[in-house]
Amino acid sequence: MKRRFLYVPIWKRYLDQIKSTVELRGGQGFTIPSGRFKKAGKRKYYGFRLEIKNGKMVNNISNSAVARDLAYLLLDDPTNKKLLSREHFFVRMNASFYCEVYDVKLHKGIQAGIIN
């Protein structure tokens, strides 16, 4: 039997931080201790990119339980979904468990060299 929602308890710890970054339309990054994820599941790779626009998933995260659990927390709660209904942002985590939350416009400005 496939276990579901292994990573929800981890993401609950960081949910307020993620939501406040989305509200402020800023960019923020933070490291999550790798042991938290490794204790919950046995994946080879925990990195992902999750993009949400107007309260809906934009990209395919079907192969990432880590991203699916975060998306579940962000989009299944009516209060969170209302907050996200007019936003376009992404959350990504790399192999070093560094998680970034960016407004898409801010990220595009940084990539274009308009914003430092």
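Buried means under 20% relative accessible area, exposed means over 50%, and partly exposed lies in between, with a 1.4 Å probe and protein chains only. Keep that in mind for later.

This is a predicted model, where local features need pLDDT of at least 70, side-chain atom pairs count only at pLDDT 80 or more, and totals for chains, interfaces and linings use all residues. Residues are numbered from 1 along each chain as its sequence is written, and side-chain values use heavy atoms, leaving out hydrogens and water.

Start with the sheet. Strands of a sheet pair through backbone hydrogen bonds, either parallel or antiparallel. Here the sheet is open, with 5 strands in the order S1-S5-S4-S2-S3, paired antiparallel. Strands (E, at least two residues) and helices (H or I, at least four) are DSSP runs, numbered from the N terminus. Two strands pair if DSSP finds at least two bridges between them.

Which strands sit at the edges? S1 (27-31) and S3 (56-57), each pairing on one side only. S1 pairs with S5 (residues 98-103) over 5 bridges. Gly29 has Glu100 in S5 as its bridge partner.

Now the helices. H1 (residues 8-24) packs on the sheet and touches S1, S2 (48-53), S4 (88-93) and S5. Contact means heavy atoms within 4.5 Å. The direction of H1 makes about 160° with that of S1. Angles run from 0 to 180 degrees between N-to-C directions, and axes are lines fitted to C-alpha atoms, for helices over the stretch in contact. H3 (residues 65-76) lies across S2, S3 and S4, at about 25° to S2.

Last, a loop residue. Phe97 is in the loop between S4 and S5. Its phi is positive, near 65°, and it is not a glycine. Buried or exposed? Phe97 counts as buried, because its relative accessibility is 6%.
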